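This briefing concerns the structure shown below. Please keep the sequence and the model at hand while reading.

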Amino acid sequence: MNKKITLALAGLVSLAVSGVAGAVDTRARFMAANCSYCHGPNGKSHGAIPSLAGLEPGYFVDQMKAFRDGSRPATVMKKHAAGYTDAEFEALAKYFASIK
Amino acid sequence: MTLNRRDFLKTSFGAAGLAVTAGLAGCATTQTGSAGPKVVVVGAGFGGAAFSRYLKMWAPTANVTLIEPNAKFTSCPYSNTVLAGINKMEDITHPYDYLKKAVDNFVPDTVTAIDTTKQTVTTAGGRTFAYDKLVLAGGIELLFDKVQGYDAEAQKTVMHAWKAGPQTATLRKQLEAMPDGGTFVMSVPMAPYRCPPGPYERACMVASYFKQAKPKSKIIILDGNPDIASKKPLFVAAWTRHFGYGTDNSMIDFRGNNQPRAVDVKKMMVSTEFDDVKGDVINVVPPMRAAEVCGLAGVRDGSGGNWCTIDYRTFESKVVKNVHILGDSALTNFPKSGSVANNTGKMCAYALSEQFAGRPFDPAPVVTNTCYSGTGMGTAFHVATVFRWDEAKQSMVPPKDANGISSAESELEMAFMESWAKNVWADTLGLPESYNFTAKG
């Protein structure tokens, strides 16, 4: 229960930081940039690591949750998925889906 | 340093703040380009280059001047593959051409003076740049005088190869020239140091070369730390599986609590408190501290005056305002890795772009580290960590389960390591999708 409240609060913080509706979600943009040293600039990868640009948002969120709970086998992604909230998965999914 | 609302307004570069900025930067003579806040960045490694590129994307009106003495970028991560003979120097060397186009001023020069009162930076070429924000991303300074005999003359023979470039190329040549049955003596500095798993990876890479080209040779690792300081179970497993570690015939001889105190080039000998060790090739990484430019700015305040304490939310120095420190020079909970330097560069760019736009800092920043090490035998493994701001601890710490290492080395992770290298180089330097990478796994 506490975890849910924390996640909800994190979501609110994320909304507050992103500012006016319709404006760029700068927090999501920064968190997405965290991913790019492995997944490539703008989520477009060179080599074996998958690209994230243009992924369908529901698929992205499902994969992150599956990495976190261990139902999808992983190397580094189990640790990374454990570091973000559900609201942040959603924000990242929306951001990567918007990259053409 | 935590900014309260009043401080934030004072230092804000929002619409109303720009006039103030123009006034502050009135003494500037050399910067051309965008009219916004003047940001001077020292060092175009993983931290400074990524910072510069992302700040221009996220705050296009910022005027970014990037000062870097090297003509090309040479990657420390992956440079051990050159020692193994897997890659050549050109495979880990990339141009600054794309980065130059991304910033307002790219200055190929060395910084010789910083005045944090007047807020100016002066170069060896005699140019002075005014700044509103100074970003120091100079990496590390190596302290040769902490090892007796490691003078300029000895440095012609004993490589550190802890800054990739000519040192890496020379060490590779020395290893190639070493006879079969020779001894390679290498050292590991006391933590904290640049790239915690790097020395142990180096041992793997050199051992992989010896196994194939000169199998009677030995590697002696003199480690200042009591034990293997990073990814220990994985390195022990790799040394055991590939190089006979733990047997009488081990290629690798690991000696903890053995910090080099002296080198003698005539005798080709390294001395620790316990041992005098002779080698055919000697590779001593001396103690290190935050880069020279951090000394010039007076921001080496932490850990006995060696490293720089920072505010995690902005990477601003805790002792000098408007000076931000990225990458290896900073004293943080993060390992001193290329991924962290790249990522903290973006974190600082994010904080400053929010500030320039008149918005508050992110109250809960997230930053990550992913660090691969190769065995030289076609496999690799990782450590991965997410760090989040913890209000109670006033620090950035990993949430539960968001930190760990590989269960075992694998070929899959070698493919990921190769992909990581290409992506972090592209992300740091702005290399285009069509860029022709030649580095192999």
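## Backbone features in the loops

With a relative accessibility of 46%, A:Asn42 counts as partly exposed, a class that lies between buried (under 20% relative accessible area) and exposed (over 50%), computed with a 1.4 Å probe on protein chains only. The model is a predicted one, in which local features need pLDDT of at least 70 and side-chain atom pairs count only at pLDDT 80 or more, while totals for chains, interfaces and linings use all residues. Residues are numbered from 1 along each chain as its sequence is written, chains are lettered from A and ligands numbered from 1 in the order in which they are written, and side-chain values use heavy atoms, with hydrogens and water left out.

- A:Asn42 is not a glycine, yet its phi is positive, at about 60°.
- The position of A:Asn42 is in the loop between H2 and helix H3 (57-69) of chain A; helices (H or I, at least four residues) and strands (E, at least two) are DSSP runs, numbered from the N terminus.
- B:Ser303, a residue other than glycine, likewise has a positive phi, near 50°.
- The loop between helix H9 (292-296) and strand E19 (308-309) of chain B holds B:Ser303.
- B:Ser303 has a relative accessible area of 38% and is partly exposed.
- The peptide bond between B:Ala191 and B:Pro192 is cis, with omega of about 0°.
- B:Pro192 is placed in the loop between strand E11 (183-188) and helix H7 (198-213) of chain B.

## Chain A

- Chain A contains 5 helices and 0 strands, and its pattern along the sequence reads α-α-α-α-α.
- Chain A has 100 residues, of which 49% count as buried.
- Among the contacts in chain A with a separation of 6 or more, 50% are between residues 24 or more positions apart; a contact means heavy atoms within 4.5 Å.

## Interface of chain A and chain B

- At this interface, 31 residues of chain A contact 47 residues of chain B.
- About 3100 Å² is buried between chain A and chain B, with 60% of it on carbon and sulfur atoms; buried area is the accessible area (1.4 Å probe) that two parts lose on being put together, summed over both.
- A:Phe30, A:Tyr37 and A:His46 provide 27% of the area that chain A buries against chain B, more than any other three residues.
- Between chain A and chain B the count is 3 salt bridges, a salt bridge being a side-chain nitrogen of Lys or Arg within 4 Å of a carboxyl oxygen of Asp or Glu.
- A salt bridge links the side chains of A:Lys44 and B:Glu433, at 4.0 Å from N to O.
- The rule finds 24 residue pairs in polar contact across the interface of chain A and chain B, both residues at pLDDT 80 or more. A polar contact is a pair of N or O atoms within 3.5 Å; within protein, one must be able to donate a hydrogen and the other to accept it, and residues adjacent in sequence count only if both atoms are side-chain atoms.
- Helix H1 (2-18), helix H2 (26-39) and helix H4 (77-81) of chain A each contribute at least two residues to the side of chain A that touches chain B.
- H2(A) contributes 11 residues, the largest share of that side.
- The side of chain A that touches chain B comprises 13 nonpolar, 12 polar and 6 charged residues. In these classes Ala, Val, Leu, Ile, Met, Phe, Trp, Tyr, Cys and Pro count as nonpolar, Asp, Glu, Lys and Arg as charged, and the others, Gly among them, as polar.

## Domains of chain B

- Chain B is divided into domain 1 (5-141 + 289-360) and domain 2 (148-286), with bounds from an automatic or database domain assignment.
- The centres of domain 1 and domain 2 of chain B, taken over C-alpha atoms, are 33 Å apart.
- Contacts join 19 residues of domain 1 of chain B to 21 residues of domain 2 of chain B.
- Domain 1 and domain 2 of chain B bury about 1700 Å² between them, and 65% of it is on carbon and sulfur atoms.
- On the domain 1 side, B:Asn80, B:Leu83 and B:Ile140 lose the most area to domain 2 of chain B, together 38% of what that side buries.
- The two domains of chain B have 1 salt bridge between them.
- Across the interface of domain 1 and domain 2 of chain B, 7 residue pairs are in polar contact, both residues at pLDDT 80 or more.
- Helix H4 (80-84) and strand E10 (140-142) of chain B each supply at least two residues of the domain 1 side that touches domain 2.
- H4(B) gives the most to that side, with 5 residues.
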